[in-house]
Amino acid sequence: MKSKIALVLCLSANLLLVACGTDAPTSQDQLDVVATSYQPNYRFQDAQTYALPSQVAVISDAGSTAQTLDPALSQNVLQSIRNQLNSRGYTEDTSNSQSSPPSIFVEVSKMNTTTTQVYYDYWYGYYGGYYAPYYGSAYGVGWAPVTVPYVIEATVGSLIINVTDPNHPDQGDKKIPSVWASVINGVIDNSSQADIQQRVDAGIQQAFAQSPYFTRSTP
Amino acid sequence: MRFAEKPIERCATRSFALALLFAVLAPLMGGANAMAATSSELETTGNKLSHFSLSYIVSFPTASTADFLGNAVSYRGLGIEWNAPTGLDDLYWGFSLRWLYFRHDEDNESITSGNTTVTGRIYRSVDSFPISLNLKYPFKVSSSSRVQPFIGLGVGTTYGRRELNVGAYSQNQYGWQFLMAPEAGTEVKFSRTGETRGFFNVRYDAGFGSDAISAISNLSLAIGIASNFD
């Protein structure tokens with residue numbers, strides 16, 4: 001009798017062991033998500049030049065103290081994007097010419113808030129001047145054509161790259177249309193600087209890797 | 001394609017499932033005790049008594065469940081079952097409760113929907129709790145045979161939880177659905193009396209999707225122990 005109960009208990013214990021085991025992520029980078037979206041009608045191969053901002057914007061809650069990203073990390077982020085665009089056949093336009101804008105503008109932001117509506121407030125502060133020479137301050141950021149789900153729910157520390165086409169403004173809505181956007185979710189957190197840099201580089205690389213249409217060559 | 005961010009709490013769900021199974025098992029252990037006390041009487045009655053069984057289950061997802069899980073095999077399955085004679089020939093009726101857990105993860109997988117692509121650690125899982133009433137028919141064999149083949153059919157419901165996680169985001173489906181579960185197997189007596197038996201069976205769980213959750217279907221192999229009790 002006892003041996004029978006022991007047998008059943010033993011089998012049960014084995015089953016418990018089989019059923020146990022971790023499914024949870026074992027490292028922070030396993031929670032990283034890269035999302036990209038694009039304007040299907042946009043001809044990426046027709047663009048020739050691009051412009052990058054001088055620094056990565058930090059988007060915080062309205063009324064909070066203005067924050068900046070570590071300058072070294074900011075430059076590394078921009079350089080990583082620059083490398084990707086150059087490798088895809090685009091040429092950086094640093095002329096700041098008032099007469100002819102580059103083919104595409106690249107906006108780069110880090111979210112320090114989950115309240116993404118403030119993005120629009122910050123747009124004028126960081127990027128309004130980017131477009132003002134061409135369109136005046138009446139024009140707004142053009143998220144509308146591109147749907148990136150994670151923009152809505154981007155966590156603190158997310159890196160957002162928004163590419164716009166200043167040469168085809170929406171005159172009716174007075175918006176500079178977005179043609180490609182990426183959210184690299186939560187990569188700029190409290191990890192070590194080296195770890196953040198590695199994850200940012202990997203995220204940017206992945207964002208472009210999963211966007212084969214974003215090239216001057218005909219896909 | 002929208003996901004809600006939430007903490008990953010799969011362990012809690014699994015612990016609850018195991019606690020539930022063991023809550024049901026505990027009184028059955030008591031039943032085993034009582035059964036052993038009457039073992040001498042069983043020698044003349046063979047297997048025509050109520051019996052319960054405990055099994056370990058390996059499952060293979062099929063149909064849309066396989067599409068969702070990338071054909072990942074489940075090695076996490078438990079089952080308990082109680083059966084009793086119906087009084088009609090050798091037919092038995094019974095009650096079956098199972099828990100199956102399927103999972104499939106990819107460290108760097110992309111999902112594309114329309115003009116949006118998402119890449120990250122993508123983790124898919126399905127918890128399945130099929131509950132069924134069943135009929136079993138053991139084939140007639142010689143009294144000296146230690147092997148007893150049987151066929152059966154179960155009808156009931158499955159409570160399922162289907163989860164898709166991308167990084168820290170997750171999208172869940174959960175709910176009830178109709179279940180049909182034909183099975184075939186064989187029991188092997190450990191002793192001449194057949195009081196305690198090993199068994200092996202193959203069962204197909206055909207789930208019928210509902211508005212709440214897609215169909216959960218699988219083919220499972222179970223190995224276990226069955227004991228009489230009265």
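Helices and strands here are DSSP runs, a helix having at least four residues and a strand at least two, numbered from the N terminus. I keep to that count throughout. The model I am reading is a predicted one.

**Entry 1: the two chains**

I started with chain A. I find five helices and eight strands in it. From the N terminus on, their order is α-β-β-β-α-β-β-α-β-α-β-β-α. Chain A has 219 residues, and buried ones make up 52% of them. I then looked at its contacts with a separation of 6 or more. Residues 24 or more positions apart account for 78% of these in chain A.

Chain B came next. It has three helices and nine strands. Along the sequence I read β-α-α-β-α-β-β-β-β-β-β-β. Of its 230 residues, 54% count as buried. For chain B, 65% of the contacts with a separation of 6 or more join residues 24 or more positions apart.

**Entry 2: helix α2 of chain A**

I looked up α2(A). It has 17 residues and reaches 24 Å from its first C-alpha to its last, close to the 24 Å expected at 1.5 Å a residue. Which of its residues are buried? I list A:Leu73, A:Ser74, A:Val77, A:Leu78, A:Ser80, A:Ile81, A:Arg82, A:Gln84 and A:Leu85. The buried residues of α2(A) pack against β2 (49–51), β4, β5, β7 and α5 of chain A. After the helix comes A:Gly89, with a positive phi near 95°.

I followed A:Ile81 further. Leaving aside neighbours within four places in sequence, A:Ile81 is in contact with A:Leu52, A:Val106, A:Val108, A:Ile161, A:Ile204 and A:Phe208.

**Entry 3: helix α5 of chain A**

Helix α5(A) covers residues 193–209. It has 17 residues and reaches 24 Å from first C-alpha to last, close to the 24 Å expected at 1.5 Å a residue. Its buried residues are A:Ile196, A:Gln197, A:Arg199, A:Val200, A:Gly203, A:Ile204, A:Gln206, A:Ala207 and A:Phe208.

**Entry 4: nonpolar cores**

Nonpolar side chains tend to be buried together in soluble globular proteins. I checked the cores here. The largest nonpolar core has 32 residues. Those with the most contacts inside it are A:Val77, A:Ile81, A:Val108, A:Leu159, A:Trp180, A:Ile204 and A:Phe214. The elements giving two or more residues to this core are α2, β5 (104–111), β7, β8 and α5 of chain A. A second, separate core has 18 residues; among them are A:Val33, B:Ala72, B:Phe102 and B:Tyr169.

**Entry 5: rings**

How many aromatic pairs are there over all chains? I get 14. I picked out A:Tyr90 and A:Phe214. Their ring centres are 5.7 Å apart and their planes lie at 70°, so this pair is edge-to-face, the cut-off being over 60 degrees. A:Tyr90 lies in the loop between α2 and β4 (91–92) of chain A, and A:Phe214 in the segment after α5, so the pair ties together parts that are 124 residues apart in sequence. A:Tyr90 is buried at 3% relative accessibility. A:Phe214 is buried too, at 0%.

The ring pairs also build a cluster. It links A:Tyr38, A:Tyr42, A:Phe44, A:Tyr90, A:Trp180, A:Phe208, A:Tyr213 and A:Phe214.

The charged end of B:Arg124 sits over its ring, 5.9 Å from the centre. B:Arg162 lies over the face of B:Phe68 as well, at 4.0 Å from the ring centre.

**Entry 6: two residues of chain B**

B:Gln148 is in strand β6 (residues 147–166) of chain B. Is B:Gln148 buried or exposed? At 15% relative accessibility it counts as buried, because the limit is under 20%. Its side chain reaches the backbone oxygen of B:Phe139 at 2.4 Å. Not counting residues up to four places away in sequence, B:Gln148 touches B:Pro138, B:Phe139, B:Val141, B:Gly185, B:Thr186 and B:Glu187.

B:Leu91 is in the loop between β3 (76–85) and β4 of chain B. At 23% relative accessibility, B:Leu91 counts as partly exposed. B:Leu91 and B:Lys136 are 45 residues apart in sequence, yet 5.8 Å apart in space, C-alpha to C-alpha.

How values were computed. Residues are numbered from 1 along each chain as its sequence is written. Chains are lettered from A and ligands numbered from 1 in the order in which they are written. This is a predicted model: local features need pLDDT of at least 70, side-chain atom pairs count only at pLDDT 80 or more; totals for chains, interfaces and linings use all residues. Side-chain values use heavy atoms; hydrogens and water are left out. The expected span of a helix is 1.5 Å times one less than its number of residues. Buried means under 20% relative accessible area, exposed over 50%, partly exposed in between (1.4 Å probe, protein chains only). Rings of Phe, Tyr and Trp (its six-membered ring) pair if their centres lie within 6.5 Å; planes under 30 degrees apart count as stacked, over 60 as edge-to-face and the rest as tilted. A charge sits over a ring if NZ of Lys or CZ of Arg is within 6 Å of the ring centre and within 35 degrees of the ring normal. A nonpolar core is a set of buried Ala, Val, Leu, Ile, Met, Phe, Trp, Tyr and Cys residues joined through side-chain atoms within 4.5 Å. Contact means heavy atoms within 4.5 Å. A polar contact is a pair of N or O atoms within 3.5 Å; within protein, one must be able to donate a hydrogen and the other to accept it, and residues adjacent in sequence count only if both atoms are side-chain atoms.
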